[in-house]
Amino acid sequence: MSLNTKRIVILIIGVFFLGALLVVGAVENNKRVVGKKAAIKISQTSKRCVECHTSTSPSLVEQWRNSKHALRGVGCIDCHEAQKTDKDAWEHEGKLIAVIVSPADCSKCHSKENEQFQSSHHADAGKILGSLDNVLAEVVEGNTGRLGLDGQSPAAINGCWQCHGSVVKIMENGRPDPSTWPNTGIGRINPDGSKGSCTACHSRHQFSVSVSRQPDSCGKCHMGPDHPQKEIYEESKHGIAFKAFKDDMKLDAQPWRVGIEYTAAPTCATCHMSATDDMEVTHDVGRRISWNLRPPVSEKIDAKAIKAGETVESWEDRRDNMKNVCSKCHSESYVDGFYTQFDSAINLYNDKFGKPATEIINMMKAGGVLTPTAFDEELEWTYFYLWHHEGRRARHGASMMAPDYTQWHGFFEVAERFYIHFVPEVKKACRKAIRRKGSNATAAKEVLAKLNEILNREEHQWFLSKMSQEEKSKRKAAAEEFKKRYAQN
Amino acid sequence: MSESKIDLALDWVKKRIPVDWQELKTITNEPVPNHLKHWWFALGGTPAILFGIQIVTGIFLLFYYVPTPEEAYSSVSKITHEVKFGWYIRSLHKWASELMIVTVILHMARVYFTNAYRKPRELNWMVGVVIFFTILGLGFTGYSLIYDQLSYWAAVVGTEIAHSVPIVGPFASDFIRGGPEVGANTLTRLYVFHVVIFPAALASLVGLHIIFVRLHGVTEFEFDEEKSLKHKTYPLFPDHVMTELILVMLIFYILSMMAVIFPAGLGERANPLSTPEHIKPEWYFYASFKWLKLTNVYLGILGQIFFAGVIFFWPFIDQILVKLLPKYEMSIIIGFFGFTFYLVLTVWEAIT
Amino acid sequence: MTIKKISRRDFITTTLMGGGLFAGLVLWSVYAVQFLFPSMRKPPTRKVFVATTDKILVGDSYKFNDLKGNKIAIVNTGKEYIALSTKCTHLGCTVIWKKSENVFYCPCHDGYFDAEGKVIKGPPPKPLNKYKVEVVDQAIYLHVEEVYSERV
């Protein structure tokens, strides 16, 4: 190799070396301090817990170790400590602890969240005693007597209460009664009197905020035939976008504001709780809801308070809060248009099915045409399905833009239930009462009259073949046009 | 012609250092035998260059490293994570050490298979073997200074093995450990060995090695294409210096890229109360480690001492073999098997 | 002395080579210099939980160790919580909180600090080191220097 060649080779390698040094410089500048395994320091007491529980419940400890609590130095005893006056305090390895960490305990450091949560309907979820659902779980489906567990219905213990929350009872020895615990229902009544359970959404012991932002968290309870919010979300464009762009959602970010930290899609939390650039996070899930879609007849969310003479946030203000979130992705006319459509669907359900059916049932109950025992007659089940299942599906489907749930799981099934089951069953029950000429015969006649009046309304007339001629020919023409699509016609 | 300013300055210096500058120039520009134009003869210079790099990067690391059990790990962590370019200097140091061992083994192989250890170069071979063991010592002590789990337990295992050597073992292990168990004394001792004793020894030995090479001349080979050349040598400066410069730049480039792609990492902090499930030494000790696992204590230790002895006294063993079996190239055969054996044990340990 | 004659090709290659080597050397030296000068930036801190407010009553001093094991005392002065290093600024002994006198006392050479760490009496030259305290709801947090890679 000649001298000159050597010089060129040195030059080339030298340039490569320079390039490597530039890469080194770039790496140095991009070095992030975050992401390394940080030292964890907790109190001596908690260290003892960790030492023992690393072998008895290793995953639990590891989850805690990966949590923000561990990073901040919050250890076992900081949450599980108990005073002698606590009902559920018991001595474990020389320390007084409580198994249940209630929202009151969490509020030592998270008081703002707890305050918002306590005023929400989530916190009241456990107050379903005396409701129709509870009658179902405790009497109709279950038993609190000989087949009960400590006087509670297993159907409720394993079913209803696991979402709604139990009333935790403490036994003589300070340990919780197995019929009421384990339970992390969101409306659990804790031994210290506080309402709710933070772990319902912020699963322990990692308490990761990204878990609570996932639709699956809400979907543990908000799903199923009577309120398929999770399924509705997944059908909707919102859910599709979430599934497609989940990697862009930055579920771990703090703060987590739609339009700023993430723009790909909304989750349940996005609309119902999370922050925007001009709205703070709220754990009061009712603050952005305008309609109460739960009861047989939907009403505005502040209606009950107004009736009781209380001052609460008006439904208009709450709707504006929700619109604040919508507006991060949608234009004002789009959002207003949606609400117009949505309101019309609720009003349709209310006026066509909800109110009439409820009026009929109330008349039948008051007049003794229906027995005072709930759910002992087919009509009661039919009515229940109508408003509690199909009726809710139609309303929820409309509320979250899931056309299939609104229509085929919704209004279609509401209509079928109403016309093919409810109406004939009412007629049958009333005619039976009239035939028997008992004390309820008069009431039965009034019911039939009412039913007739209802069915003669414009929206129900078709059932009595009283559609206007104009309407009939229009429908026929459309049907003929449609049949031309298929070869068989 | 008028004298330039540079010449005036040089004259000033030359007048004050009474040396025959002309003679110096001639002596230093020693003619280099032609075969050194072949790159695989550069394998000796490469570890020397790397040694220089280790000294420089090592000194840099010394600015931040603290040799106490409490601070050692933290200081290494600080270098790796907090000090600017600390990760780079440390990674250079780590990869240079790995490369140094690889190239020194290749150099030994080259010398061995070209029979360059034969008379009159036996002494130089033995100096070279001592250099090799010194480098291994540097590797062992250097790695133990990190004081993570692997460091600590490797030091424990290493000193236990030393303990098992017959007669001198217990004294040796006590000396290395500075006591009955690995602790603060051990760390400071290993530190002294790594930073002062081994480098000083290595520098002296390498100096001696190069002096021997210069005195004996490099074993001359004549390749066919060179038979016709008029000159059997070529100048050190600038030709061979440029060759070495290429080597230096190449090494710097490779090391920098290794530092970026595979930066030196850090295991868990040393915990004397918790032995990790898998303890492994550095890769160059794999063969030795595997050998110990396969044999009992005595055969393991004595076998290795025997192996080291064979390597050290090889020129003389080779002499005997040549006399006994002149027809066969025994050195090549034995070398081949020995080398393969080392490789097999190394790979075997690596994959289990 | 005449300047040695050098061909244009050789001149160019030599200059380029020298330039490349020089650039590499300079950049490497820049990095090395940055390595040798310890970072002037403030070290990263982490907010750590100490205790709930009901555990540190007025006039009490609560003992806490930071992530490096340094001993800290958190004092409730009634108005606020103050976190001080208990390392005496004289020769490094650990100071003791004397609740009755509302002072930190160093037994080694009779040094006295008030509840806010200021020197009252004795040889200590500077006030006790202060740590930043943050109170959120009923939780008391401290901002301490970050430490990596250590398991509980």
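1. Start with Glu81(A) and Lys55(C): their side chains meet in a salt bridge at 2.8 Å, N to O. A salt bridge here is a side-chain nitrogen of Lys or Arg within 4 Å of a carboxyl oxygen of Asp or Glu. By that rule, the interface of chain C and chain A holds two salt bridges.

2. Before going further, note that this is a predicted model, with local features needing pLDDT of at least 70 and side-chain atom pairs counted only at pLDDT 80 or more, while totals for chains, interfaces and linings use all residues. Residues are numbered from 1 along each chain as its sequence is written, chains are lettered from A and ligands numbered from 1 in the order in which they are written, and side-chain values use heavy atoms, leaving out hydrogens and water.

3. Back to chains C and A. Contact (heavy atoms within 4.5 Å) involves 35 residues of chain C and 34 residues of chain A. The pair buries about 3100 Å², with 62% of that on carbon and sulfur atoms; buried area is the accessible area (1.4 Å probe) that two parts lose on being put together, summed over both.

4. There are 15 residue pairs in polar contact between chain C and chain A, both residues at pLDDT 80 or more. A polar contact is a pair of N or O atoms within 3.5 Å; within protein, one must be able to donate a hydrogen and the other to accept it, and residues adjacent in sequence count only if both atoms are side-chain atoms.

5. What does chain C bring to chain A? The elements giving two or more residues are α1 (8-36), β1 (45-52), β2 (61-65) and β10 (139-145) of chain C. Of these, α1(C) gives the most, with twelve residues. Helices (H or I, at least four residues) and strands (E, at least two) are DSSP runs, numbered from the N terminus.

6. Now chains A and B. Here 19 residues from chain A touch 21 residues from chain B, and about 1900 Å² is buried, of which carbon and sulfur atoms give 82%. On the chain A side, Ile10(A), Phe17(A) and Glu28(A) lose the most area to chain B, together 28% of what that side buries.

7. As for polar links between chain A and chain B, the rule finds zero salt bridges, and three residue pairs are in polar contact, both at pLDDT 80 or more.

8. Finally, chain B itself has 14 helices and two strands. Of its 352 residues, 42% count as buried, meaning under 20% relative accessible area (1.4 Å probe, protein chains only).

Terms used
Buried means under 20% relative accessible area, exposed over 50%, partly exposed in between (1.4 Å probe, protein chains only).
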